[in-house]
Amino acid sequence: MTDPTAAIAALLAAGEDRAAFDQLRAGLGWPGGKAIPPTELPHWLELVADLAVRRGADPLAELAGAAVRDPDSPDRLYDLGYALIDAGAPAIAASVLWRCLALVGDSEEVVCELVSALESAQAYPDAVAVLEDRAALRARSFLCRYLYAFNAAMSGRLDVTRAMLAQLEPDSADDSAENEGLRDTIRGICERADRVAGACPLDERDLRGWHYVLTGGLVLHQSPYGFDDPMHGRYAWLADSLPRVATGLERLARLIAPLELPCVYAPPGRDHEIVAHAAGLRLGLPVAPWPAVGIPAPGLVVMYDLAQLPSGDVARLVQRRPGQIVFAHASPWTTDSPLAPDVTTLLYQSLVAPWGAHTIVDPGTGKISEARADERTADAIADEIAASAGLDEAELEADEPTRWAALVTRAWPPASGPRSRLWAGGPVSSSRFA
C-alpha cells in the first residue's frame, strides 16, 4: 500500500502545493485524521511544516515543527491547532486538537477550540457530539452550554437549543456583556423558530426557513440546480447575470415599498455602486453618498456581494437602526460573514459578477473562450439591469412561491437592533464543496 505521506512529500518536492494541500487535508483533516495513530502524527505534521515554509507562513511552520519535535505536548498541539484555524485549515486543526484533548482530558479551553475548528469546517453535528459527551463540563461552563445550543441549531436540533436556553440565564449580577450577547443569539434563534412554526417545515429542503431562523435574514431566490439533493437552493459556482440581479431587485422592491425608505446607500466599490444605482432606479429612490463617518440610516444599504463589504464598514451595519434595511444581492454560504443582510437574493460558494471577466463555453462546439470585463460606467450597467425582464421560468422553478409568501407573512419586516452573523452551512448543508 502506498504511504500517503510519501505521496504528499513527492507533490511538495514537485512544487504541486495545491495538490499536496488537498491530499494533506484529505488524510489529516477531520474526521479521518482523528484516527491517525499518535506515533504517525509527527510524519503528517512535518508535511504541514514543509507546506507552510513553501507558502511563506513561517510562524505556522515553526509551530508545526515544535509539535513534530514534541508531539505529546498539549501546549504545542493547542498552539498549532489554533494557528491552523486562523490559516484557513480548520479540518486539519480539528484533528490536531482532538489529539490534544486526548492528552489533557476535559479542558474547557481545548474543547472550545476544538468546537471552533469543527464549526469552521461546518462539521456541526460532530461539534454537538463532542459537547454532548461532556455534561459535567457543560454544567460548569457557560461557553460550552452556548456552543452546545448553537451547534445543535446548526445541526437542525432545535429541541436541544430550546432546552439549553433556560440554562443560559444569568446566575449572578456579574454576568458579562459577552455572555448576554451569546444568550441573545440563542434566544433569537428560538424566537424566530417559534415565529415561523407552521409556516415553514424546517426540514432539510427548507433553505429559506432555516436561513431566517439562524440569521434573521430572507433569501429571495433559490437555485434550481441540484435542488432536491445536494444543494437545496444554494448555488455552488455561479457566473451571475444581469437578469438575476434584476429579479432580486424586483422581489426586493415588493418588500421595501411599504416601508417608505428615503434613499439608497452603496458602500465603497464599483460592484456595490452598480447594484445600488439599479435599485434606486427600480425603487424610484435617490442614491445618497456613503457617509465618511456615522451610520448610513435611515435608508436601504445595497451591496452586490456581502463578501466585498469593506471591513471598516462592518461595525456600522451590525446594529440595525430604525428605518434601515441592509440588502446584499449575493452572500457566501461556505464561509462565515460578520453580519447577515436583512435580505439577500441568493447564496453562493464561488461567484463571478455579470460585468466581470468570465469564461464562455459554446453550447454547440464546446469551445471555451474568455470574455473581457464590461468596462461601461456603473450607471450604464445599472440602466440595463433596470430594463431587464429578469430570469426566465426555468431559472425560477425552485422558488416555491407559496412557501415564500407564508414565510414573509411571519418574518417581515425585520426588527431593529443587533443582527446575527451569516453562519456558513447550516442544517441544509448535506453536501459541501469548500
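A contact here means heavy atoms within 4.5 Å. This is a predicted model, in which local features need pLDDT of at least 70 and side-chain atom pairs count only at pLDDT 80 or more, while totals for chains, interfaces and linings use all residues. Residues are numbered from 1 along each chain as its sequence is written, and side-chain values use heavy atoms, with hydrogens and water left out. The average pLDDT (the predictor's confidence in each residue, from 0 to 100) is 94 for the protein, and 97% of the residues score at least 70. Residues 430-434 have a pLDDT below 50, and this stretch makes 17 contacts in the model beyond near neighbours in sequence. Where pLDDT is low, the predicted coordinates should not be read in detail.

**Largest pocket**

- The largest pocket holds about 1,100 Å³ of space. A pocket is an open set of points on a 1 Å grid over the protein atoms alone, with protein on both sides within 12 Å along at least five of seven lines; a cavity is a set of points where a 1.4 Å probe fits but cannot get out; lining residues have an atom within 4 Å of a point. Grid points are joined across faces, edges and corners, and a volume is the space filled by probe spheres set on the points.
- Its lining counts 39 residues, and those nearest the centre are G181, T185, S420, R421 and W423.
- Helix α12 supplies the largest share of this lining, 10 residues. Helices (H or I, at least four residues) and strands (E, at least two) are DSSP runs, numbered from the N terminus.
- Elements that each give at least two residues to the pocket lining include α5 (74-86), α12 (177-195), α18 (401-411) and β12 (417-418).
- The pocket lining divides into 16 nonpolar, 10 polar and 13 charged residues. In this scheme Ala, Val, Leu, Ile, Met, Phe, Trp, Tyr, Cys and Pro are nonpolar, Asp, Glu, Lys and Arg are charged, and the others, Gly among them, are polar.

**Cavities**

- Two cavities of 30 Å³ or more are present in the structure.
- The volume of the largest cavity is about 130 Å³. Of its 15 lining residues, L207, H211, L347, W423 and G425 lie nearest the centre.
- Helix α13 contributes the most to the lining of the largest cavity, with five residues. By class, that lining has 10 nonpolar, four polar and one charged residues.
- The second largest cavity contains about 60 Å³ of space, and its lining includes C200, P201, D206, R403 and W404.
- For the second largest cavity, α18 gives the most to the lining, with three residues. The classes there are five nonpolar, one polar and four charged.

**Cysteines**

- The disulfide count is zero, where a disulfide is a pair of cysteine sulfur atoms within 2.5 Å.
- The sulfur of C112 has its closest cysteine sulfur in C144, at 3.7 Å, which is too far for a bond.
- C112 is buried (under 20% relative accessible area; exposed is over 50%, partly exposed in between, with a 1.4 Å probe and protein chains only), at 11% relative accessibility. C263 is also buried, with a relative accessible area of 8%.

**The loop between α14 and β3**

- L261 sits in the loop between α14 (242-256) and β3 (264-265). At 9% relative accessibility, L261 is buried.
- Not counting residues up to four places away in sequence, L261 touches I256, L285, G299, L300, G323 and I325.
- L261 and Q324 are 63 residues apart along the chain, and their C-alpha atoms are separated by 7.9 Å.
- E260 is in the loop between α14 and β3 as well, but counts as exposed at 70% relative accessibility. E260 has a positive phi of about 55 degrees although it is not a glycine.

**Other backbone features**

- L202, in the loop between α12 and α13, has a positive phi of about 50 degrees and is not a glycine.
- The W30 to P31 peptide bond is cis, with omega near 5 degrees. P31 lies in the loop between α2 (17-28) and α3 (41-54).
- A297 and P298 are joined by a cis peptide bond with omega of about -5 degrees. P298 is placed in the loop between β4 (287-288) and β5 (299-305).

**Helix α11**

- L165 belongs to helix α11 (residues 158-165) and is buried at 17% relative accessibility.
- Leaving out residues up to four places away in sequence, L165 touches R183, I186, R187 and C190.
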